[in-house]
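Please open the structure in your viewer and keep the selection tool at hand. The tour moves from one selection to the next, and at each stop it says what is there.

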Amino acid sequence: MTSTADWRKSIRTNNRKTIFVIGLFFLIYLAVGLLVDTYIYSGTYQTAPLSQIFQALMTLQLFPYATLVMLGVAAFSLFITFAFSDKLMLLGTEYHEITPETAQSLQEKQLYNIIEELKIAAGLKYMPKVFIIEADYMNAFASGYSEKSAMVAITRGLMQKLNREELQAVMAHELSHIRHMDIKLTLMASLLANLIIMVLDLLFYNMIFGRRNGEDRSRNALAGIIMLLRYLLPVINVLLLLYLSRTREYMADAGSVELLRDSHPLASALLKINQDHAQNQDTYSYAYQNTAHENVRREAYIFDPTQAGITGMSSFADLFSTHPNIKDRLAALGFKYNDK
């Protein structure tokens with residue numbers, strides 16, 4: 001198992017990766033903006049080659065209206081991501097926040113107390129927000145752009161089907177994500193990657209329905225490039241999400257063992273979660289596919305549902321997983337997986 005002594009190094013690495021992801025996000029928006037500007041100006045200067053128009057934009061001989069708009073959209077998207085990170089990660093679900101005053105049952109009070117105890121054990125300064133998602137499938141995630149803004153969310157199915165020790169182990173795993181600050185990296189990569197697709201979709205469909213007869217070859221060629229980008233960017237997004245690295249899950253598993261000083265509860269919890277998904281594959285598949293924005297949460301979940309055969313959460317991305325498989329995770333915890 002990855003040594004928990006490396007968690008400070010992990011924080012530095014995750015911070016560098018987050019800066020890279022944000023920088024790449026702005027570069028993609030910049031490229032799309034320049035492409036749109038070139039497309040627009042090619043209609044005005046029909047005799048000019050595309051390379052000349054592009055050069056004029058880069059030297060500001062032509063004003064890059066669309067590029068500035070796209071960069072503004074990128075900056076606004078980044079602001080929204082930071083300002084409403086918890087609401088964005090919970091978007092599409094039925095949820096409520098748990099506090100000592102709002103806990104509606106003994107189970108919810110116990111959950112809050114467990115997280116409060118682990119927060120102290122992990123040396124965190126701030127108590128993360130705690131949310132219950134009203135769903136039968138077993139899953140949980142942590143998110144936020146800082147320790148102060150951090151949140152943990154678990155489904156009611158997970159809370160009800162795990163015993164106290166197993167629930168404690170899962171929450172220790174999630175608080176380890178907060179401690180290692182890979183929650184910021186996951187948040188940025190997941191949300192910004194999906195926002196890129198949403199913006200490009202608007203441009204794509206505007207181009208499809210806004211095209212006129214008689215357009216010259218240059219504009220048709222540029223339209224073809226935009227259409228090609230529409231199908232290439234999802235691939236880029238998958239590569240961006242794979243950049244998250246499976247190591248962060250091993251680190252969080254190791255953090256859970258360090259906090260509890262026992263690997264059995266987490267191994268038992270992971271087995272239960274995996275078996276529950278396998279036994280209820282059809283029901284959970286319908287639930288995941290009919291809950292909006294599950295593709296945003298998928299990378300943050302403790303368990304990737306696609307590993308249990310549940311697909312359709314994010315189309316092409318179903319072919320990949322940012323999580324190590326259950327067999328490898330259990331092996332790292334010192335247990336052998338038996339799928340019979």
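What follows is a walk through confidence, aromatic rings, a few loop residues and salt bridges.

**Before you start**

This is a predicted model, in which local features need pLDDT of at least 70 and side-chain atom pairs count only at pLDDT 80 or more, while totals for chains, interfaces and linings use all residues. Residues are numbered from 1 along each chain as its sequence is written, and side-chain values use heavy atoms, with hydrogens and water left out.

**Stop 1: confidence**

Colour the chain by pLDDT, which is the predictor's confidence in each residue, from 0 to 100. The chain averages a pLDDT of 82, and 78% of the residues score at least 70. Now select residues 1-5, where the pLDDT is below 50 and where the model shows 13 contacts beyond near neighbours in sequence; a contact here means heavy atoms within 4.5 Å. Where pLDDT is low, the predicted coordinates should not be read in detail.

**Stop 2: aromatic rings**

Rings of Phe, Tyr and Trp (its six-membered ring) pair if their centres lie within 6.5 Å, and planes under 30 degrees apart count as stacked, over 60 as edge-to-face and the rest as tilted. By this rule the count comes to 7 aromatic pairs. Select Tyr-137 and Tyr-288: their ring centres are 4.0 Å apart and their planes are at 25°, so the pair is stacked. Helices (H or I, at least four residues) and strands (E, at least two) are DSSP runs, numbered from the N terminus. Tyr-137 lies in the loop between strand 2 (129-133) and strand 3 (140-143), and Tyr-288 in helix 12 (residues 281-289), so the pair ties together parts that are 151 residues apart in sequence.

Are these two tyrosines, Tyr-137 and Tyr-288, buried or exposed? Buried means under 20% relative accessible area, exposed over 50%, and partly exposed in between (1.4 Å probe, protein chains only). Tyr-137 counts as buried at 2% relative accessibility, and Tyr-288 is buried with a relative accessible area of 1%.

Tyr-301 is buried, with a relative accessible area of 1%. To see the whole group, select Tyr-137, Phe-141, Tyr-284, Tyr-288 and Tyr-301, which form one aromatic cluster.

**Stop 3: residues in loops**

Select Arg-298, in the loop between helix 13 and helix 14. Arg-298 counts as buried at 3% relative accessibility, and its side chain makes a polar contact with the side chain of Asp-304 (3.1 Å). A polar contact is a pair of N or O atoms within 3.5 Å; within protein, one must be able to donate a hydrogen and the other to accept it, and residues adjacent in sequence count only if both atoms are side-chain atoms.

Most residues other than glycine have a negative phi. With that in mind, select Arg-261, where phi is near 55°, a positive value in a residue other than glycine. Arg-261 lies in the loop between helix 10 (247-260) and helix 11 (264-279), and at 74% relative accessibility Arg-261 counts as exposed. Then go to His-293, which has a positive phi of about 65° although it is not a glycine. His-293 is found in the loop between helix 12 and helix 13 and is partly exposed, with a relative accessible area of 35%.

**Stop 4: salt bridges**

A salt bridge is a side-chain nitrogen of Lys or Arg within 4 Å of a carboxyl oxygen of Asp or Glu, and a search of the whole structure finds 12 salt bridges. Select Arg-164 and Glu-117, which form a salt bridge with the closest N and O atoms 3.7 Å apart. Arg-164 lies in helix 7 (residues 164-180) and Glu-117 in helix 5 (residues 106-121), so the pair ties together parts that are 47 residues apart in sequence.

Finish with Lys-272 and Glu-166, whose side chains meet in a salt bridge (2.9 Å, N to O). The pair links distant parts of the chain, with Lys-272 in helix 11 and Glu-166 in helix 7, 106 residues apart. Lys-272 is partly exposed, with a relative accessible area of 32%, whereas Glu-166 is buried, with a relative accessible area of 4%.
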